[in-house]
Amino acid sequence: MNGRAVDNMSIARPFAVPEALPMPELAFSRRAAVRGLGAAGLLAALTGCGVPAAYVPEGRREGRDRSGRDRSVSFSNWPLYIDTDDENESRRPTLEAFSRETGIEVRYSEEINDNDEFFGKVSSALMNRQETGHDLVVVSDWMAARFVHLGWAQKMDRSAQANVATYLDPQLRSPAFDEGRLHTVPWQSGITGIAYNRKALGREIKSVKDLWQPDLAGKVTLFSGLDESFSLLMQGDGVDVTRWTESDFHRMCDRVESMVKKNHIRRFTGNDYTSDLSKGDVLACQAYSGDAIQLRADNPDIEFVVPEEGAELWAESLLVPNLAPHKANAEALIDFYYAPEVAAELAASVNYVCPVPAAREVLAASEYKETAELAENPLIFPDGEMRKRLAVSRDISSAERTAFAKRWNSIIGL
């Protein structure tokens, strides 16, 4: 423990654990954002029409940092992705604690509703070497990969981020798109696995192959987003997704396409899969671990499984866009959230996989039963056995994306 004192965040009181509420059909879509080439296609078109080359070298990414004289930071995140006060949802206790401790005012906005949409908002400024108005943003790792490959994310000063250096989950430390996590830091993490209604199905699901059994015909959904779907489906074919190949991709597509032709797959979904499963329209589906906690709270017959062949461990990550005027303040805010006490508060509220394993000890030490029980939840703190089956997939490269998106979209009907 680093001994950081965080006002009003002691484990002597229960953390804000969300009550069981009906799952919204499409509250927001952190992972399900690619429906076509989107902003990536737009970028390709622009760079071929006289617009300056999109890539920005490392030495040209930093602007004049005003952090010292302007004690503020602009932080853009997804909706419902931070802790709130039980009695006043407009208050965010961890952000308030950061401001009290550092004197840095946080201008927090929940403006990111879709990865591609947000990319479209900022790409013109970043291509033209202009400020975006953002100091810190959270995007899915496949989108973070795009920022890193384009040179649109600044290298962070780890010497000023002792908590990140100490407490970041080793399994998330060096993804293929950002070796050593020099330009990104996970905000929260999660697992893409399988959710199913065990009582209604009448059997267990242990493998991706179990989705293709005859008793699930017309009762299965898969994610429509290519980046959200492919890894788990490849793992079902025994592929090492840390280094999958083009042939692996097309073999996976062949299998899915054959199931579509047999009407085995009911449909392809975004976050509305939760509604399908809750209502009984489907019996099994690709699902996210964070959603599974709420689904099970609403219906104890719903199970979430990490298949025998493995599942994808993913993250949504913080990054500092080029020319951000408060880079040092943004780095300080990132490091604040990597203090185990703060990470525990956030994990207890959002219920995704915590990227700070040391936060588990904070929760376990709570005198409140419901808080202490969170420390034993493998969907927030995966145990050693589960971690053996989790892998961080290599991302789809820009060279691969056009052809792969075309193949995938033809299968799902886009």
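Predicted model: local features only at pLDDT ≥ 70, side-chain atom pairs only at ≥ 80, totals over all residues.
**A cavity and a covered helix**

Within the lining of the largest cavity, strand 9 supplies the largest share, with 4 residues.

A search of the whole structure finds 3 cavities of 30 Å³ or more. The largest cavity has a volume of about 180 Å³. Its lining is made up of 15 residues. Those nearest the centre of the cavity are Asp141, Trp142, Glu312, Ser393 and Asp395. Two or more lining residues come from each of helix 4 (141-150), helix 7 (226-235) and strand 9 (311-319).

What classes of residue form the lining of the largest cavity? There are 8 nonpolar residues and 6 charged ones, together with 1 polar residue.

I turn now to helix 12, which spans residues 340-350. This helix is mostly covered, and 11 of its 11 residues are buried. The buried residues run from Pro340, Glu341 and Val342 through Ala343, Ala344, Glu345 and Leu346 to Ala347, Ala348, Ser349 and Val350. Charged side chains are thus among them, namely Glu341 and Glu345.

Which elements cover the buried residues of helix 12? The cover includes helix 2 (93-102), helix 5 (162-167) and strand 4 (184-197). It also includes helix 11 (327-336), helix 13 (359-364) and helix 14 (369-374).

Finally, please look at the residue just after helix 12. There, Asn351 takes a positive phi of about 65°.

Methods. Residues numbered from 1 in each chain as written. Heavy atoms only, no water. Buried < 20%, exposed > 50% of the residue type's maximum accessible area, 1.4 Å probe, protein only. Contact = heavy atoms within 4.5 Å. 1 Å grid on protein atoms, 1.4 Å probe; cavity = no way out; pocket = protein on both sides within 12 Å on 5 of 7 lines; lining within 4 Å. Points joined across faces, edges and corners; volume = space filled by probe spheres on them.
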